[in-house]
Amino acid sequence: MTKHILVISGSLRKASFTTALCRAVCGLQIEGTKFVLRDYVRTVPMYDGDLDTDSPPIEVADMRREIVESHAVLIGTPVYNYNIPGGIKNVVDWASRPYAKHSLIGRRVGVFGCSPGDSGGKQAVEYLRQITPLLGATLVGPELLFSKINTLIAADGTVDASVLGPLSALAHELAE
Ligand SMILES: Cc1cc2nc3c(=O)[nH]c(=O)nc-3n(C[C@H](O)[C@H](O)[C@H](O)COP(=O)(O)O)c2cc1C
């Protein structure tokens, strides 16, 4: 059976560097594995405890089901003001409910960050890597930070080998 790996971008921008890297991962050919780009950051409504019932919003229910059915999850994130973008936090918040019985428990999770600046998204990646085990998920792969990313993706979406190599290695690890 084909393993599905969900690839989640933390950016909504059409010209997002993060999403470009997510697309590059989805273009990798790994036998028996399919990488699926998901825009939960756009589709999932803002967390509302009053809607966090046995019948949550359909977008949330669909996301949780896809996470449970996935082999692994890969999150690509920019850094916004020294932290993860609010949209990714919102996705994690919905995915981490209900407490102790949620979709991320036992899930294998990889994270990468990128930025046009020097940080490579460090604070966002550090945060996600720190909370992954706290949520009962399993962290896969090393800390991947891609700085100066604006210089490493061509106009046609081709990603420089210095970025694609480590991303591909993480993808293969997630596919194991
Ligand atoms: C609200 C906001 C806050 C940001 N804060 C940081 C920051 O703290 N550190 C940094 O290196 N870049 C920061 N940036 C720049 C982003 O890293 C840059 O816009 C990046 O390209 C966004 O990712 P994307 O290309 O995937 O959309 C910020 C951008 C925005 C919009």
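Helices (H or I, at least four residues) and strands (E, at least two) are DSSP runs, numbered from the N terminus.

## Basis of the model

This is a predicted model, in which local features need pLDDT of at least 70 and side-chain atom pairs count only at pLDDT 80 or more, while totals for chains, interfaces and linings use all residues. Residues are numbered from 1 along each chain as its sequence is written.

## Strand E1 and its partners

Two strands are said to pair if DSSP finds at least two bridges between them. Strand E1 (residues 3-9) is joined to E3 by 5 bridges, and the two run parallel. Within this pairing, Val7 has Leu74 of E3 as its bridge partner. E1 is also joined to strand E2 (residues 33-38), by 6 bridges and again in parallel. Here Ile5 has Phe35 of E2 as its bridge partner.

A right-handed β-α-β unit is made by E1, H1 and E2. A crossover counts as right-handed if, with the strands pointing away from the viewer, the path from the first strand over the helix to the second runs clockwise.

## Strand E3

Burial is judged by counting C-beta atoms, which are placed from the backbone: a residue is buried if 20 or more others lie within 10 Å of its own, exposed if 12 or fewer, and partly exposed in between. By this criterion strand E3 (residues 72-77) is mostly covered, with 6 of its 6 residues buried. In a regular strand the side chains alternate between the two faces of the sheet. In E3, Ala72, Leu74 and Gly76 point one way, Val73, Ile75 and Thr77 point the other way, and all are buried.

E3 runs parallel to strand E4 (residues 108-114), to which it is joined by 5 bridges. Gly76 has Phe112 of E4 as its bridge partner. Between these strands the chain passes through helix H4 (residues 86-95), and this β-α-β crossover from E3 to E4 is right-handed.

## Strand E4

E4 is largely enclosed by the rest of the structure, because 7 of its 7 residues are buried.

Opposite Gly110 in E4 stands Leu74. E4 also runs parallel to strand E5 (residues 138-139), with 2 bridges joining them. Arg108 has Thr138 of E5 as its bridge partner. From E4 the chain crosses through helix H5 (residues 122-134) to E5 in a right-handed β-α-β crossover. Gly113 stands opposite Leu145 in E6.

## Packing of helices H1 and H6

Two packed helices are described by the angle between their axes and the distance between the axes. Axes are lines fitted to C-alpha atoms, for helices over the stretch in contact, and angles run from 0 to 180 degrees between N-to-C directions. Helix H1 (residues 17-26) packs against helix H6 (residues 161-175) at an angle of about 60°, and their axes are 10 Å apart. H1 is therefore oblique to H6, since angles under 35 degrees count as roughly parallel, over 145 as roughly antiparallel, 65 to 115 as roughly perpendicular and the rest as oblique.

The crossing of the two helices, H1 and H6, is right-handed; a crossing is left-handed if the near helix is turned anticlockwise from the far one by less than a right angle, and right-handed if clockwise. In H1, Leu21, Ala24 and Val25 meet Val163, Leu164, Leu167 and Ala171 of H6, where contact requires C-beta atoms, placed from the backbone, within 7 Å.

## Backbone features in the loops

Most residues other than glycine have a negative phi, and most peptide bonds are trans. Tyr82, in the loop between E3 and H4, has a positive phi of about 70° although it is not a glycine. Tyr82 counts as exposed because it has 11 C-beta neighbours inside 10 Å. Lys148, in the loop between E6 and H6, also is not a glycine and has a positive phi of about 50°. With 14 other C-beta atoms within 10 Å, Lys148 is partly exposed.

The peptide bond from Arg97 to Pro98 is cis, with omega near -5°, and Pro98 lies in the loop between H4 and E4. The C-alpha atom of Arg97 is separated by 9.6 Å from that of Thr53, 44 residues apart along the chain. Thr53 belongs to the loop between helix H2 (40-43) and helix H3 (58-69), and is exposed, with 9 other C-beta atoms within 10 Å.

Methods:
Two residues are in contact if their C-beta atoms, placed from the backbone, lie within 7 Å.
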